[in-house]
Amino acid sequence: MLKKLLVAVTLVLTVVSGALAEKLTVGAAEHVKVVEADLNFLTRIDTGAASTSLHAENMRVIDGENIDPADYSEAEQKSVVRPLMRKNVGKYLQFTTENEHGDKHQGKALITDVAAVRNSQGLEIRYKVALAIAWQGQAKTVDVNLRDRSKMHYKLLIGRNWLEGDYLVDVERNKNLK
């Protein structure tokens, strides 16, 4: 009986101490590293974005069907494009990424999912791949959606899926980092 009580108390203390662990604070913009690409990016921390998004070009599914969502209307994105792209989950996607300094990396990653993302340009269907994003030496692997962000200032946008559980955002910190 005493042994069971001791085990229960230990479990409760473990859960409570984990919940009380101090979260790290990031600013509105930060320098982070995409580990697999060995590239550093100036990134915007966006609490309004559900997931992290990385600039990618020349995307090609290896041993799968290559679909260009731009070839389809917005009405066809969910009904046609998404089911076709979902057939590639579990296959490798080759792509090129580039940071704001023009440093490039061509790599490949396993497709983990397909996401429908609504933004100011409309509805987009995007591949998601698991990538490790490191800040101050600590890496966290999250699903990252890939899209052409070449015309955007920030080539990497950090969303809530990277922040969740580990980070708080101080919008006053690094607000002038551009």
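Two strands are taken to pair if DSSP finds at least two bridges between them, and strands (E, at least two residues) are, like helices (H or I, at least four), DSSP runs numbered from the N terminus. The structure is a predicted model, in which local features need pLDDT of at least 70, side-chain atom pairs count only at pLDDT 80 or more, and totals for chains, interfaces and linings use all residues. Residues are numbered from 1 along each chain as its sequence is written, and side-chain values use heavy atoms, with hydrogens and water left out.

Overall, the protein contains three helices and eleven strands. Their order along the sequence is α-β-β-β-β-β-α-β-β-β-β-β-α-β. Among the 178 residues, 38% are buried, where buried means under 20% relative accessible area, exposed over 50%, and partly exposed in between (1.4 Å probe, protein chains only). Contacts are heavy atoms within 4.5 Å; of those with a separation of 6 or more, 62% involve residues 24 or more positions apart. The protein exposes about 10,500 Å², 53% of which is supplied by carbon and sulfur atoms. Such areas come from the Shrake-Rupley method with a 1.4 Å probe, and for residues only the protein chains shown count as cover.

Salt bridges come next, each being a side-chain nitrogen of Lys or Arg within 4 Å of a carboxyl oxygen of Asp or Glu. Seven are counted by this rule. One of them joins the side chains of Arg173 and Glu30, at 3.6 Å from N to O. This pair links distant parts of the chain, since Arg173 lies in the segment after β11 (167–170) and Glu30 in strand β2 (residues 29–34), 143 residues apart. Arg173 is partly exposed at 29% relative accessibility, whereas Glu30 is buried at 5%.

Another salt bridge connects Arg118 with Glu74, the closest N and O atoms being 3.2 Å apart. Distant parts of the chain are linked here too: Arg118 belongs to strand β7 (residues 104–119) and Glu74 to helix α2 (residues 74–86), 44 residues apart. Arg118 counts as exposed because its relative accessibility is 59%, while Glu74, at 43%, is partly exposed. Glu124 and Arg126 form a further salt bridge, with closest N and O atoms 2.9 Å apart, and both residues are buried. Salt bridges with shared partners join Glu124, Arg126 and Arg147 into one network.

Finally, Thr52 deserves a visit. Thr52 sits in strand β4 (residues 52–55) and is buried, with 0% relative accessibility. A polar contact is a pair of N or O atoms within 3.5 Å; within protein, one must be able to donate a hydrogen and the other to accept it, and residues adjacent in sequence count only if both atoms are side-chain atoms. The side chains of Thr52 and Asn161 are joined by such a contact of 2.9 Å. A polar atom of the Thr52 side chain also lies 3.2 Å from the backbone nitrogen of Gly159. Leaving aside residues up to four places away in sequence, Thr52 touches several others, including Val142, Val144, Leu156, Ile158 and Trp162.
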